[in-house]
Amino acid sequence: MTKQEVVDHLYGLDDELLFAKSEQVKSLNIGSKVYLRGLIEISNICIKDCLYCGIRKSNSNVDRYQLTFKEVCQSIDFAIGKNFGSVVIQAGERSDEAFILLIKRCLKYAKEKSEGRMGITLSLGEQEQSVYDLWKNEGAHRYLLRIESSSNEIYNKIHPEGYSWNARLEAIERLRKAGYQVGTGVMIGLPFQTIDDLADDLLFMQRLDIDMCGMGPYIEHFDTPLSKFESQFTHKERVALTLRMIALLRILMPKINIASTTALQTLDNQGFKKGLTVGANIMMPNITPDVARKNYNLYQNKPYSTIDLSQFDVAYGEWGDSIHYSLKSF
Ligand code: 5AD
């Protein structure tokens, strides 16, 4: 697809045609099953101060928490009990020794308790090579690190001074070097962002040859500096754009894993389902213990409820690794 074609489809040239095509590409290349990753938000403590994020370090209106090792184990047990194939361990970014070792312990527990059957994705921000290597050796095999925007200029506008788009990209390269299946993604409908930027985001992910993608609408959080700036897109438009982005990425990268995200569900109560229909194949049900869940507010109105999975064609007990990655490796 040329950039112009991508742009035209993002404007809504022919949604019916686009979604028919993306659905067809999906079923031909990866089938119609939904793979689950139980999401464990183990801490909202964060050393970063991203201008859009509700758990940024300067937001003093957040009750900070850190699950105990035992609580993480309970979530892992829950995932094993429900026969989810995988979990995602996510947290605000930290690089202190205690945190690195806590993650290591959790990985070891998940692997031992499931007798090696639990797939594990990490989403723990930018880390040194040695940390990525350590966690990989303990059994994590996928890692999500969103680039947030492929535009260096937008990246700088939505982060404090001194944060570097290049450093983020280098972290993605370190993940690859460590041998992870690497996922990235962007926020859709940011202030300053145009349709042209979103087309560039898709082509960037294709060029980077990523294995997985999680992308969703940007949603204002009123305790953040970015919420003072207006997006040119309404919430409804951001939902439509997210669905077109998913469909286009599926066509551009037929065998990668694409998540239907919570942010999409937040802006549309059929969001999960719509994302899966137009090309996504991954869902990340939140399995964070109730006591902590209400404090992991990246954006306004993030739902706390558990999703009813019976409406989906779920592949229980399977990892659902990125086929794109397996084909690259052999
Ligand atoms: N709206 C939507 N997504 C957000 N994230 C953080 N803040 C917001 C927001 N206000 C996303 C970022 C980050 C992921 C963990 O959550 O893309 O990488």
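Which residues in helix 8 meet which residues in helix 9? Before the answer, a word on what you're looking at: this is a predicted model, where local features need pLDDT of at least 70 and side-chain atom pairs count only at pLDDT 80 or more, while totals for chains, interfaces and linings use all residues. Residues are numbered from 1 along each chain as its sequence is written, and side-chain values use heavy atoms, with hydrogens and water left out. Helices (H or I, at least four residues) and strands (E, at least two) are DSSP runs, numbered from the N terminus.

Now the answer. From helix 8 come I195, L198, D201, L202, L203, M205 and Q206, and they meet L241, M245, L248, L249 and L252 of helix 9; contact here means heavy atoms within 4.5 Å. Sort those residues and you get 10 nonpolar, 1 polar and 1 charged. In that sorting, Ala, Val, Leu, Ile, Met, Phe, Trp, Tyr, Cys and Pro count as nonpolar, Asp, Glu, Lys and Arg as charged, and the others, Gly among them, as polar.

How do the two helices lie? The axes of helix 8 and helix 9 (residues 235-252) come within 10 Å and cross at roughly 30°. Because of that angle, helix 8 is roughly parallel to helix 9. Axes are lines fitted to C-alpha atoms, for helices over the stretch in contact, and angles run from 0 to 180 degrees between N-to-C directions; under 35 degrees counts as roughly parallel, over 145 as roughly antiparallel, 65 to 115 as roughly perpendicular and the rest as oblique. The crossing of helix 8 with helix 9 is right-handed, meaning the near helix is turned clockwise from the far one by less than a right angle.

Next, look at either end of helix 8. F192 sits in the loop between strand 6 (187-188) and helix 8 (195-208), and its phi is positive, about 75°, although it is not a glycine. D209 lies in the loop between helix 8 and strand 7 (212-214), again with a positive phi, near 60°. Most residues other than glycine have a negative phi. F192 is partly exposed at 34% relative accessible area, and D209 is partly exposed at 27%; buried would be under 20% and exposed over 50%, with partly exposed in between (1.4 Å probe, protein chains only).

On to the strands. A closed barrel of 8 strands runs 1-2-3-4-5-7-9-10, with parallel pairing; two strands pair if DSSP finds at least two bridges between them. Strand 1 (residues 35-43) and strand 10 (residues 282-283) pair over 2 bridges, with L36 partnered by M283. Helix 4 (residues 97-113) packs on the sheet, touching strand 1, strand 2 (86-91) and strand 3 (119-123).

Strand 5 (residues 181-184) is covered on both faces: Q181 and G183 on one side and V182 and T184 on the other are all buried. Strand 4 (residues 142-144) is joined to strand 5 by 3 bridges, and Y143 stands opposite V182. Strand 5 also pairs with strand 7 over 2 bridges, where T184 has C213 as its bridge partner.

Finally, go back to helix 4 and find helix 3 (residues 69-81): their axes come within 10 Å and cross at roughly 30°, in a right-handed crossing. The residues of this contact divide into 9 nonpolar, no polar and 3 charged.
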